[in-house]
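Colleague: Could you walk me through this one slowly? I am new to reading models.

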Amino acid sequence: MQILRSLLFRLASTAVTLVGVAVIVFFVIRVVPGDPIAMMLPPGATDEDIARLTALYGLDKSIPEQFFIWAGGVLQGDFGTSITARRPVLDLVLGRLPATLELSIMALVIAVILGGVAALTGTRERGTKVEAGIDVANGMALSVPDFLWALILILLFGVAWPVFHISGRVTPSLDLPFVTNFYLFESLVRLRFDLWADIVSHMFMPALALAIPLAAIIGQLLKQSLKETMHLDYVTLARTKGYGENHVIIREALPNAILPTLTLVGVQFTFLIGGTVIIERLFSYEGLGNMAIDAVINRDLPLIQGIVILFAVLFTVVNLVVDLTYALLNPRLRNA
Amino acid sequence: MSYLRISELTVNIAGTSTRLLRDVSLTVQAGEVHGLVGESGAGKSMIGKAVLGTLPRAIEIVSGAIELDGADLLKLSPAEHRKRLGQSCALIPQDPLTALNPSRRIGPQITDRLTDILGWDAKRARDRANELLEEVQIPDPQRVLRSYPHELSGGMRQRILIASAFAAEPKLIVADEPTTALDVTVQKQILKLIKDMQQRHDTALLFVTHDLGVVSKICQSLSVLYAGMVVEATGVRSFFREPAHAYSRALLAATPKYTDPEASLTPVPEEVIAAVKAEVDAADAGSRHG
């Protein structure tokens, strides 16, 4: 009963959030200067042509009127038609979503591994030069933004020592047998490790660039809460049972210390997804972010709306997953 | 024969000359309960921590020996040291509310030492845990073993911690103020439980406390500490009958009596403190020149 009620509350608040996002985006992109129709027509088009095209896209009506027409469509699963691509927005957006999801999740995995190793090593070697070294590395990772890391990585592993691909999602000449757009996942399922290696080699650098700042945050916060946990009585008690440092850190301290980190990772992961916009552009990676920039440049209003709504849905889903995981890991919340 | 023998143990804050323990020597016979008493900061808990190898990293043992059954623990490698302690010693901690891991069930927290350090199979360890909980009078042990700490009361958790300490039939248990954090009504029961368990299992007990009343009930011998130095080590009977050291006498006089609570609340007199401090300084000077 309790669970059902909190779930319903959750869904309701999500709906309010999404409506808010939809309203703001819709009005803002119509108020800022720039005319989509002018972008479409060649110079020297007649006023008649402009009027016809404006009417065709419904841009001659008032903005509130346009909003309700668009919102009515959205409720029926119709997000409108892209002005530049002339295809349904939903198809375009869902086609690109897998690429961005795979990139974000790979970045998250890298960040958790790097940050986790840094935190565990730093805790084990607390008070030594090793911990000081980890702190310095964390500080550097945090103070350089992800797009700068992207440029550094391109210079290092794309130019100076070219081991990874610096552009695209997959080598274009390869023959892809995929039926979904989850290339990374599907290549694994089909056991096509040659393709998988090619995709990873394209994805690794953008994912790493996104991951580095998050890894630093995870490393710093997790190390801090691990070190605090190491002083607690149950950790001391475990030591007297004859357990060594590694066991005590991983089995006694980590399950408790990880909880505050988890909350933060949820918030930071949504920032990371936001960061894909610029990173995808830098690596010419065919994901949502890259599409979003094109849409803004071309003033493709329906496409911008669709992408923003999708990002908003993604953020709320991430937050929900974090809350559920938190309840799962913390026995005190499990029966609540 | 003595099971635990600490000789001339000196402990400093690492990298400084700040003394925390000064040439502490004491012995605990097999099956004996030895009390460690003193004010807070006198170093009672520090001795327990040194024995169990749980001193913080910022504290170092400068000199001395801690012999367990004739073997000096401080000469063992860290891994051997830990294993040796896990097999033959245990701790009853002070605060039952923080001494159990909140994210693990009770059962594994009792059996982990048996399976991981002593190499028992899981079934035998589970049966043993069950038997122990019955021994400490916990109703419905099966359910308790599956519970998480937050589902149990403080008194229950302290019983579990006591049961867990006796799980591997240790030869020595360090009890670090095991009743201080408890409700007065529960204190008495827990103290009796520890005493019963200790007698039934014939375990030596190093009992850290600041409560002389508790000492009179459970200990056979005791060491009185001041500023990291043993000022008097004697049998309980002779201590209460005729304490040898002025500080011990003052400590005894400071114990409130139920018959006349207000009149008996006398602090340790200034001149006694000054005398003890002078002794400590003299000991320090002696060790520095010698």
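Predicted model: local features only at pLDDT ≥ 70, side-chain atom pairs only at ≥ 80, totals over all residues.

Colleague: Okay, is strand β8 of chain B mostly covered or uncovered?

Modeller: Strand β8 of chain B, residues 204–208, is mostly covered, with five of its five residues buried (20 or more other C-beta atoms, placed from the backbone, lie within 10 Å of a buried residue's own). Strands here are DSSP runs of E with at least two residues, and helices are runs of H or I with at least four, numbered from the N terminus.

Colleague: Which residues sit on each side of β8(B)?

Modeller: Ala204(B), Leu206(B) and Val208(B) lie on one side, and Leu205(B) and Phe207(B) on the other.

Colleague: And which strands pair with it?

Modeller: Strand β3 of chain B, residues 33–37, runs parallel to β8(B) and is joined to it by four bridges, while strand β7 of chain B, residues 172–176, is parallel to β8(B) as well, over five bridges; pairing requires that DSSP finds at least two bridges between two strands. Val208(B) stands opposite Leu36(B) and is also the bridge partner of Asp176(B), whereas Leu206(B) is the bridge partner of His34(B).

Colleague: What is the order of the whole sheet?

Modeller: The sheet is open, with six strands of chain B in the order β6-β7-β8-β3-β9-β10 and mixed pairing. β6 and β10 of chain B stand at the edges with a single partner strand each, so one side of each has no neighbour in the sheet.

Colleague: New topic: how many residues has the largest nonpolar core?

Modeller: That core has 153 residues, and those with the most contacts inside it are Ala211(A), Ile307(A) and Leu206(B); a nonpolar core is a set of buried Ala, Val, Leu, Ile, Met, Phe, Trp, Tyr and Cys residues joined through C-beta atoms within 7 Å.

Colleague: How many residues does each chain bring to the contact?

Modeller: Chain A brings 16 residues and chain B brings 25, where contact means that the C-beta atoms of two residues, placed from the backbone, lie within 7 Å. On the side of chain A that touches chain B, α10(A) gives the most, with six residues.

How values were computed:
Residues numbered from 1 in each chain as written. Chains lettered and ligands numbered in written order. Buried ≥ 20, exposed ≤ 12 C-beta atoms within 10 Å, placed from the backbone.
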